[in-house]
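Here is a short briefing on one protein chain. Keep the structure in view as you read.

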Amino acid sequence: MRKLAQKALLLCASLAVSLLIAEIVIRLVSPQDLSGSWGEQTERGLVVNKSSGVARHQFGGRVVYYSFTAPHLRAPAPDASVKVLVLGDSYAFGYLLGDRDTPVSLLQARLDEKFGAGVFSLLNAAVGGWGAGDYTAFVEDFGEQISPDVILVFLNTDDIGRALQSPLWDFSPADGKLSRAVPPRRRFKVLLNDLPGYQWLLEHSHLVQLLRNESESLRRKNSGAGQRPQSLGPGSEQNAEAARRGKALGAALFRRLGEWCRGRNVKLLVTTTGWHKPPYADSTEPTRAFMSGARTLFSELSVPFQDPSGDLRARMDGDADKYIIQGDGHPNEAGAALIAEYVFPFVEAQLGDYCRRTTKCTGQPAR
């Protein structure tokens, strides 16, 4: 028994030394960006932000920290008399931006300055890689729990294409029928996220980060997913049929979201990030095809809508590098400020109208 214990101890020591050597070699030869995990998959297959804690995100020399609060929101989420649930993808989330530098946080600061602190609280539920199908599913799954007064959607450049690819919905263009599907969960990922110390290892160990990156790369390859990051623009199939299906699916999803809001007396607002490239006519890309008829659709649904892309793009013209994270393509701090600047007049007008029509803008958190 004693010899067995000694052998086990020697084996453990040898393993520890081997892992330490591997860690040192990777740090010297192939250092990794040390980023934690902040996404999780619900029982119904929807990918959401985690509901607590902090996650480190590194891209080369850029290191930021994301804070989270329940239910599945990016912090800060201040108390206020009117709750505005914000939905969108990585641009609204603030990918590679600190908590105070996201378009949503900057928009919150502008609203506080205009209406006073405590009147509006922007609750940022946006997730990188989300599309119209994801944020509609989020509202149906978590809307009752959050109980927003207003929902603000940031429609980005691939949101309809992603909806076409999403396993969350079954859609029949022939009759317009839309029903929720429940894709299988990634059980191994769920298990890893629940392991004590896994988050710490991701943010501190180059070896663990390398293994994670290789595993994700293999998974994407086996699933047939492309290597282009989802969040950097249209990546969906581009042809006349995809455009037709995307336009119909987008309309069905927003009708469903609008019905949820009307049934609960929630005001629905839709803006874009301003990163689209008008004009949209005759496009075979699903999101651009949807945008070609967006004003008509939202007018029919009585949903206030704006697209500041023309003006924002004119502002960026010839100087786009000033507003993006080099080597990545997402908006940097200046780009996030630009989004907030061009979205604010629309949001200010709509929320001001909301205050005039209700008695909720008291500046005191709702009980």
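Cys361 is partly exposed, with a relative accessible area of 23%. Buried means under 20% relative accessible area, exposed over 50%, and partly exposed in between (1.4 Å probe, protein chains only). This is a predicted model: local features need pLDDT of at least 70, side-chain atom pairs count only at pLDDT 80 or more, and totals for chains, interfaces and linings use all residues. Residues are numbered from 1 along each chain as its sequence is written, and side-chain values use heavy atoms, with hydrogens and water left out.

**Cysteines**

- A disulfide is a covalent bond between the sulfur atoms of two cysteines.
- A search of the whole structure finds one disulfide, counting a pair of cysteine sulfur atoms within 2.5 Å.
- Cys355 and Cys361 form it, with their sulfur atoms 2.1 Å apart.
- The torsion about the S-S bond of Cys355 and Cys361 is about -90°, so this disulfide is left-handed.
- Cys355 counts as buried because its relative accessibility is 19%.
- Cys261 is in no disulfide; the nearest cysteine sulfur belongs to Cys361 and is 17 Å away.
- Cys261 is buried, with a relative accessible area of 1%.

**Nonpolar cores**

- A nonpolar core is a set of buried Ala, Val, Leu, Ile, Met, Phe, Trp, Tyr and Cys residues joined through side-chain atoms within 4.5 Å.
- The largest one has 45 residues, and those with the most contacts inside it are Leu85, Leu87, Phe138, Ile151 and Phe254.
- Helix α9 (residues 240–263) gives the most to this core, with eight residues.
- Helices (H or I, at least four residues) and strands (E, at least two) are DSSP runs, numbered from the N terminus.
- A second, separate core of 37 residues includes Phe68, Leu338, Phe344 and Phe346.
- Leaving aside neighbours within four places in sequence, Phe138 is in contact with residues including Leu46, Val48, Trp130 and Ile146. Contact means heavy atoms within 4.5 Å.

**A helix pair**

- Helix α12 (residues 309–316) and helix α13 (residues 333–357) pack at an angle of about 140°, with their axes 10 Å apart.
- Axes are lines fitted to C-alpha atoms, for helices over the stretch in contact, and angles run from 0 to 180 degrees between N-to-C directions.
- On the α12 side, Asp311, Leu312, Arg315 and Met316 make the contact. On the α13 side, Leu338, Ile339, Glu341 and Tyr342 do.

**Thr69**

- Thr69 lies in strand β4 (residues 62–69).
- Thr69 is partly exposed, at 30% relative accessible area.
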